[in-house]
Amino acid sequence: MHLTRRDLIKGAAAVTAFPSFARAATGTIVLEPRQTKFQLLPEAYPASDLWLFGDSTPGPEIRVAQGARVERRLVNSLPQATSVHWHGIRIDNAMDGVPGLTQEAVAPGETFDYSFVAPDAGTYWYHSHNQSTEQVARGLYGALIVEENDAPEVDSEHVLVLGDWLLEQNGQLSGDFASRHERSHSGRTGNYLTTNGTAGEILEARRHERMRLRLINGATARVFELGLFGLEGWVVALDGMPLERPEPLTSQVVLAPAQRVDLIVDVTAQGGDEAYLVRIDGEQAVAQATFKVAGEASVTRRAAPAALPPNHEPALGSLAEATRVRLLMEGGAMGGLQAAIFNGERRTFRQLVQDNQFWAFNGEVGLTDEPLVNARIGETVRLEITNDTVFPHAMHLHGQHFREVEAGGDLGPMRDTILVSGRETREIAFVASNPGDWLFHCHMLSHQDAGMKTWMRVRA
Ligand code: C2O
Ligand code: CU
C-alpha cells in the first residue's frame, strides 16, 4: 500500500491507531524523525522534549558490512522539513541529503527513500541536514557503522556518541536556535554533556580486556578534548579512515564537531576499580564514560594492535601539479569583516548582522552560484584555508576524504573534517573522485547557518 500525503491528512486519526503507517511496505526500514519525550536529565528532573530518530538518543545505530547497501525510508513526522546526511560516506551524490544542492527538503508528512552503498569501512554518523543548528541540537543524529570484512581482534566494542545539550532546569532545550550571539561567536555550546544520551554512561569491563571504542562527536559546536584513565590505547582511525600505523594515545585526542576517532584500548585498571574516558575541562578531567572493572580477561599481555585494513579511496596525484584553490574565512565577532556579498549584493557588516549573517568565504556569505572548486574527475586539488577569524572552525567536505598537507609537505591522515584554529592557515589536498555537487562547510552549525558554507563540483 502506498499512502500519499493527502491520504495521511484525511486518515490522520486512523493512521495514528497503527504503530507506524510507513512500515506497511514490507522490507522497508523506516527512519522516522519525530517529537518525543526523553529522560536526558536525572530522574528527579522532568523529561525533555526532543526531536529524535525513534525513542532515544542517539538514534538507532545503523550497522552494515563494508560494501553493503543502506536503505532507509525517511518518514518525516516532524513539524519542520528535514533531510538526512550520511556524514563521511563516499556516497552517491543524490543520496547526500543536502537541501538546495542534492535534494529538496522533505516536508512534514512526506517521505524520501535513501539507498546507497557504503564503500569504506569505519565509524560514520547520520544527522539532519536541514535547519541543522536546530534539528541536530534537538537530537536528530545517530551512529552509522560500516564493519571491516577483516575486523581487528578485540574482546568488545563500544560506540560512544557524544552529545552537548543546552538545557533549562525544567529539562527543556533553552535559548534560541538562531541566537545572534551563538552565530557570531563559537556556536551553540551546551551545558549538559552526554555519552549515548546519558551524563552517567557506565559500561562493564574486565582487567586486560581489549576494547574498540568508536567515538563520535554529535555536538553542534563543542570541541571535546578526551583522554584515558585506567586504559591504555591507540588511535586506529580518524573520521572512519584507518591510520597506516596505530598511534599510541599518550595525552589527549581532540574531537571537533562531526569528527570521529576509533581507539583500541586495553584495560589497565584493577578489578574493583574504575577506568574512564575523560573529558578535559579546564584544569579538570571529568568522566565522559565510566568502565566498572570486574574480573580479568584471559589474555594479560598484548602487542600493539595492527593497523585496520585500509579503505581504498583513490590515491592523491602529484601535489606539485595539483590545482590550487584558496579559501579565506572572515567574519564573526571581533573579526573585522567590513562588507561581503550576500544574495548577490554587497552588504556592510552591519547590514549582514541585521540578516543574522556573520561569516564570509572569499568575500561571499552562504552558497554562491559558482562552486569554490570545479574539478574534473581524477583531478588533484590543493585547498589552502586561511582562518582570518578569532574562532576555530570545523570544516567538513562532503563526498570524499582529504589529507592535510603539513608543513614540509608531509601528508596527514585522511579525514572528512578539519579543525582550523583562529588566525591559522592550513592546507588540505584531495582527489576529485566522486562526481556531483558537494557541500564544504563549518560543522559548528550556527556558523554554517550564518554564512560559512560553500560547495564544490566534481564533473564526471
Ligand atoms: Cu555532518 Cu554537511 O555535515
Ligand atoms: Cu565555524
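Predicted model: local features only at pLDDT ≥ 70, side-chain atom pairs only at ≥ 80, totals over all residues.
Residues are numbered from 1 along each chain as its sequence is written, chains are lettered from A and ligands numbered from 1 in the order in which they are written, and side-chain values use heavy atoms, with hydrogens and water left out.

**The copper site**

- Three residues hold the copper ion (ligand 2): His393 through ND1, Cys442 through SG and His447 through ND1, at 2.0 to 2.1 Å.
- Donors here are N, O and S atoms within 2.8 Å of the metal (3.2 Å for Na, K and Ca); water is not among the atoms, so sites may look incomplete.
- Along the sequence, the donor spacing for the copper ion (ligand 2) reads H-x48-C-x4-H.
- His393 sits in strand E28 (residues 393–397) and His447 in helix H6 (residues 445–449), so this pair ties together parts 54 residues apart in sequence.
- Those labels come from DSSP runs numbered from the N terminus, with helices (H or I) of at least four residues and strands (E) of at least two.
- His447 is buried too, at 0% relative accessibility.

**Around Glu148**

- You'll find Glu148 in the loop between strand E9 (141–147) and strand E10 (156–165).
- Glu148 is buried, with a relative accessible area of 9%.
- Its side chain makes a 2.9 Å polar contact with that of Arg212 (a pair of N or O atoms within 3.5 Å; within protein, one must be able to donate a hydrogen and the other to accept it, and residues adjacent in sequence count only if both atoms are side-chain atoms).
- Leaving out residues up to four places away in sequence, Glu148 touches Gln66, Ala121, Arg212, Arg214, Leu308 and Pro309, where contact means heavy atoms within 4.5 Å.

**Domain 1 against domain 3**

- The chain splits into domain 1 (5–147), domain 2 (156–296) and domain 3 (323–459), with bounds from an automatic or database domain assignment.
- Between domain 1 and domain 3, about 1,400 Å² is buried, 56% of it from carbon and sulfur atoms; buried area is the accessible area (1.4 Å probe) that two parts lose on being put together, summed over both.
- Asn93, Leu101 and Thr133 supply 36% of what domain 1 buries against domain 3, more than any other three residues.

Note on methods. Buried < 20%, exposed > 50% of the residue type's maximum accessible area, 1.4 Å probe, protein only.
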